Amino acid sequence: VLRAAAPSLSISTPRAVGEPIRVGIVGCGRIGIVHLETLRKCPKAKVVSIGGSSREETVSALAEKYGIAHFAKDADEVIRNPDVDAVWICSPSQYHAAQIRLAAELGKDIFCEKPIATELDETIQSVLFAREKGVKLMVALQRRFDPNFMRVKSAIMDGEIGSPVQIRLTSRDPSPPPKKYVEGGGGIFKDMAIHDLDMSRFLMGEDPLEVFATGSCMINQEIADLPGPEAYDTATIIVKYREGRTATIDVCRQATYGYDQRAEALGTAAMVMTDNMYPNTARVFTGDFVGMADLPYDFFMSRYIAAYEAETVAFIDSIESEADAPVTGEDGVIALAMAIAAGLSAKEQRWVKLSEVLPALDGSMEGSPRLRKRDRLSAFLRSLGGARTSEPEPIPA
């Protein structure tokens with residue numbers, strides 16, 4: 001029997017030993033359904049509530065289709081539901097920070113689609129608040145869990161290619177999004193290239209020093225009148241790391257041949273690279289054509305199925321253990337800072353040091369390797385919070 005979740009409910013009721021983590025999903029759009037489908041495949045998790053839509057019939061239909069016992073039009077009702085242990089935030093970006101604060105206040109672990117918040121100060125506040133409340137906050141940067149990128153990472157970590165020298169990342173969407181999606185989203189560096197910026201840091205295994213970026217409107221002239229990076233549908237970024245190592249990223253909102261995701265790492269001893277992925281390996285040989293029988297995957301929902309599954313399992317496992325979230329709030333903060341630096345660079349046509357955006361990335365944290373990872377992250381965030389943030393508004397009762 002389906003029923004709407006009551007708004008007065010809040011802190012989670014105890015979960016029996018051995019029972020799956022009870023998940024509430026906030027957001028019923030495209031990415032919410034992707035995570036709903038993924039969670040259904042995870043035996044250690046069970047979706048018990050879903051909500052957060054302008055149309056109650058949409059939520060009700062999803063609950064009935066997937067056999068979810070509780071639903072609510074209001075996202076806060078899902079978060080307050082006592083049957084929910086962990087919250088998956090898949091709502092529009094402007095709601096993320098408030099929903100993180102509510103879930104953290106109620107002691108519920110949080111999986112949040114990027115970005116944590118639309119502005120850096122609000123992002124730092126959100127991550128600090130989650131840590132102060134002792135809940136785990138994972139940022140959905142799913143490419144870190146993709147088997148192809150993970151193989152490149154292992155080749156670097158295991159020394160197969162020697163010391164890394166250059167990294168190249170290509171990310172191209174099959175077609176541009178509507179202007180409504182782009183408007184107010186912060187532009188190509190925040191809503192698209194942020195994944196590639198994070199991947200460059202993930203592969204290099206260290207924080208970046210400087211960023212240089214350039215952008216243009218080559219595909220969709222409808223967005224050309226938007227402010228700053230929102231007017232770009234094409235961009236190139238160079239990220240500088242220690243000892244002269246660099247990562248070069250090219251992104252474009254349209255590739256007529258399909259979704260294009262590739263990585264390459266050159267080292268002092270060898271190179272490792274990935275090809276773009278196709279639904280199958282079939283090739284056609286005719287008198288006029290030799291090549292792949294079908295186009296590449298059509299978009300991220302199909303291309304990154306394995307990555308979504310792996311990140312879900314990794315976070316569920318972290319909830320059940322003492323381990324920190326596999327992709328922390330700090331990772332989300334730095335990824336957003338890199339995107340902001342890229343936007344500033346494109347605007348002013350100069351190299352932008354990451355320390356201009358995040359003063360704590362000046363190497364001051366490198367002297368504390370004896371701290372546990374979680375304590376080191378907390379110290380990092382407190383240093384940011386003391387310099388950049390003010391006291392947040394209290395959460396309504």
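Student: Which residue is the bridge partner of L169 in β11?
Tutor: L169 bridges to I249 there. This is a predicted model, where local features need pLDDT of at least 70, side-chain atom pairs count only at pLDDT 80 or more, and totals for chains, interfaces and linings use all residues. Residues are numbered from 1 along each chain as its sequence is written, and side-chain values use heavy atoms, with hydrogens and water left out.

Student: Do β8 and β11 pair in the parallel or antiparallel sense, and over how many bridges?
Tutor: Parallel, over seven bridges, with β8 at residues 164-172 and β11 at 246-252. Strands are DSSP runs of E, at least two residues, numbered from the N terminus; two of them pair if DSSP finds at least two bridges between them.

Student: And β8 with β12?
Tutor: Antiparallel, over eight bridges, with β12 covering residues 260-267. In β12, T170 has R262 as its bridge partner.

Student: New topic: is K190 buried or exposed?
Tutor: Buried (under 20% relative accessible area, 1.4 Å probe, protein chains only), yet K190 has no salt bridge. That would take a side-chain nitrogen of Lys or Arg within 4 Å of a carboxyl oxygen of Asp or Glu, and the nearest side chain of opposite charge, E119, is 4.5 Å away.

Student: What is K190 in contact with, beyond its neighbours within four places in sequence?
Tutor: K114, T118, G185, L336, A339 and I340, where contact means heavy atoms within 4.5 Å.

Terms used: Helix = DSSP H or I, 4+ residues; strand = E, 2+ residues; numbered from the N terminus. Buried < 20%, exposed > 50% of the residue type's maximum accessible area, 1.4 Å probe, protein only. Lys, Arg positive; Asp, Glu negative; His and termini not counted.
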